[in-house]
Amino acid sequence: MKIAVCVKRVPDTETRIKIGADGKSIDEDGVKFVLNPYDEYAIEEALQLKAKVGDGEVVAIALGRDTSQETIRTALAMGVDRGVLLQTESVSLDPVAVGKVLAAELAGYDLILFGKLAIDDYSQAVGTIVAELLGIASVSAIGHLEIADGKGTAEREIEGGVEVVEFSLPAVVTADKGLNEPRYPALRGIMMAKKKPLEVKPVELDGGGITVSDLTLPPERPEGRILGEGPDAVPLLIEALRTEAKVL
Amino acid sequence: MANVLAVLEQRGGVLKQVALEALTAARQLADASGGGGSVDAFVLGPSGMDVSELGKFGADQIMVGESDELSLYQPDSYAAATVKQVQSGDYGAILMAATAMGKDLGPRVAARLDCPLAADVTAFEAGDRLTVSRPVYSGKAVYRLEITASPCVISVRPNVFQPIENARDAATVKITPPDEEVRSRTIEIKEPGKARLDVTEAPIVVSGGRGLKEPENFNLVEDLADALGNAAVGASRAVVDAGWRSHSDQVGQTGKTVSPQLYVAIGISGAIQHLAGMRTSKVIVAINKDKDAPIFKIADYGIVGDLFEIVPRLTQEIKNLRRA
Ligand SMILES: Cc1cc2nc3c(=O)[nH]c(=O)nc-3n(C[C@H](O)[C@H](O)[C@H](O)COP(=O)(O)OP(=O)(O)OC[C@H]3O[C@@H](n4cnc5c(N)ncnc54)[C@H](O)[C@@H]3O)c2cc1C
Ligand SMILES: Nc1ncnc2c1ncn2[C@@H]1O[C@H](COP(=O)(O)O)[C@@H](O)[C@H]1O
């Protein structure tokens, strides 16, 4: 079974965001970057599948700057066999433009896994777009997956329920939290990762149909008020919610 | 702005509340910059749906594709039917709600039409060009993005665009979805035990965290939600990981993003990853015994103290109020 996992380098969740001098991107100075948390679920699922099937290969693919090699190495340390960096200095806020470049690299796999969402751009789109561009099945934001006899069944959470979806391979799935418990790279894995193949391919990425006007910090929430201590403050809260906030 | 196609969602043949939000957003988009654009509401679902309300909320035309095959969201058929509709009209934008369905359908339609996608949009400005706002980096920053191609696909965050009545004489047109090669098929929706509102859709969300000490104590949260009415129960990751609540209730970076009118955080410290999921709520209330808990930094109103004393009192007073 040939399995691909797309991995993205993103700022750590704890990072304080500062706007860069261009007013259109973040100031990366001092920012710690990590493997996108949802992509960890995708990698774990790929590794478990490979182990279950008993043969095959898991390839991690990232699109981005040279620094994304580090992200791929994290995937290799978890147990992925080899990596491909689609190298570009450009970024695009149009997930269709990103999907096109990834799709060009992704033909010929039985299963392609993505994270549900990249925690930087919050698009929740690239995996599904790649599947459409390749003309194959896809199920997004899955919390459960079973594959047997060239077919799959996935469960995805929707508002007030869980959808059960059957699909044929080849396919794309995008991983939600709860799909599995991602492993931590062991020391041995980290050592081995250094020797695994990582191919670097320069690619062209255009902006697609979207241009950044600006990136700003959200408006500060007006300073809140502590209304008091203990249950005696409850009437003050009710009053504030009724007359000031007008939500009751 | 040119014409807008509003793709609306139903469940069990009944239009969802977010459908009216998406329709309202579509109307605003079509009317922006001088107006003149029309809005076509587009609904796929089982036979016999009642769509008469859509004219009241700004649809100029209501396109309905009915078949029992379309009762559940079917990715391939829904995408094909939407694309066929776009190609048979002259639309500048295809708009839908950023629900589980919209987040799956939007990318499919954009890829098939080879047009840009702006997901989870919270505002737009239509001048010569369309500009949308999208929260990114877990809500810690906001992009304003100019869309330079037409058409484009836009999904709007639930609870942001409140439905506004705008009555029109809308004609209903039956459409026939194309036959589509089906690569995947939704076979059922498994319902969880409790049919409460989903946190992403509810106008009020009451969430509990580790401060509740025991899973059984979530009944305090449930009772408050019941007293408020129209409220969903949310949870922090700490209690989801501990197995007290299901992942579907989790609010935050690795859970759901919510924007209700009122968010009540009970025994939740306010870690940055939790704030990521609820900071765009209109009014935030925090109840926590630690006056330095970070949740108070973004709360509009806070009460410091023991939740086991405060929450029952709050529930009682809300009940009194509702009765009065
Ligand atoms: C990659 C990543 C993703 C994450 N994603 C999420 C996410 O999606 N959602 C999320 O919520 N978290 C997420 N987290 C976890 C997050 O960092 C916090 O650990 C979590 O939110 C803490 O949950 P809590 O507030 O319930 O618990 P705690 O931080 O333990 O807070 C409990 C609070 O209860 C108060 N308390 C205790 N007893 C009482 C009482 N009797 N009366 C009143 N108050 C009381 C305490 O003062 C305290 O403030 C993520 C973390 C990481 C690393
Ligand atoms: N530049 C990229 N390189 C590799 N994978 C990516 C990239 N951007 C997005 N992805 C994948 O697509 C998923 C969803 O991203 P998004 O649609 O941007 O929220 C991520 O979790 C990754 O698996």
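Predicted model: local features only at pLDDT ≥ 70, side-chain atom pairs only at ≥ 80, totals over all residues.
**View 1. The interface of chain B and chain A.** The contact draws on 88 residues of chain B and 80 residues of chain A. About 7,300 Å² is buried between the two chains, and carbon and sulfur atoms account for 55% of this area. Tyr137(B), Arg183(B) and Tyr301(B) together supply 11% of the area that chain B buries against chain A, more than any other three residues.

**View 2. Salt bridges and polar contacts between the chains.** Across the interface of chain B and chain A there are 11 salt bridges. One of them links Asp232(A) to Arg313(B), with the closest N and O atoms 3.7 Å apart. Polar contacts join 43 residue pairs between chain B and chain A, counting pairs in which both residues have pLDDT 80 or more. On the side of chain B that touches chain A, 38 residues are nonpolar, 21 are polar and 29 are charged.

**View 3. Strand pairing between chain A and chain B.** Within strand 13 of chain B, Ser184(B) stands opposite Phe167(A).

View 4. Ser138(B) lies in the loop of chain B between strand 9 (130-136) and strand 10 (141-147). This residue counts as buried because its relative accessibility is 4%, and the cut-off for buried is under 20%. Leaving aside residues up to four places away in sequence, Ser138(B) touches Ile119(A) and Tyr122(A) in chain A, together with Gln253(B), Ala276(B) and Arg279(B) in chain B.

Technical notes:
Residues numbered from 1 in each chain as written. Chains lettered and ligands numbered in written order. Heavy atoms only, no water. Contact = heavy atoms within 4.5 Å. Buried area = accessible area lost by both parts, 1.4 Å probe. Salt bridge = Lys/Arg side-chain N within 4 Å of Asp/Glu carboxyl O. Polar contact = N/O pair within 3.5 Å; in protein donor to acceptor, adjacent residues only side chain to side chain. Nonpolar A, V, L, I, M, F, W, Y, C, P; charged D, E, K, R; others polar. Pairing = 2+ DSSP bridges. Helix = DSSP H or I, 4+ residues; strand = E, 2+ residues; numbered from the N terminus. Buried < 20%, exposed > 50% of the residue type's maximum accessible area, 1.4 Å probe, protein only.
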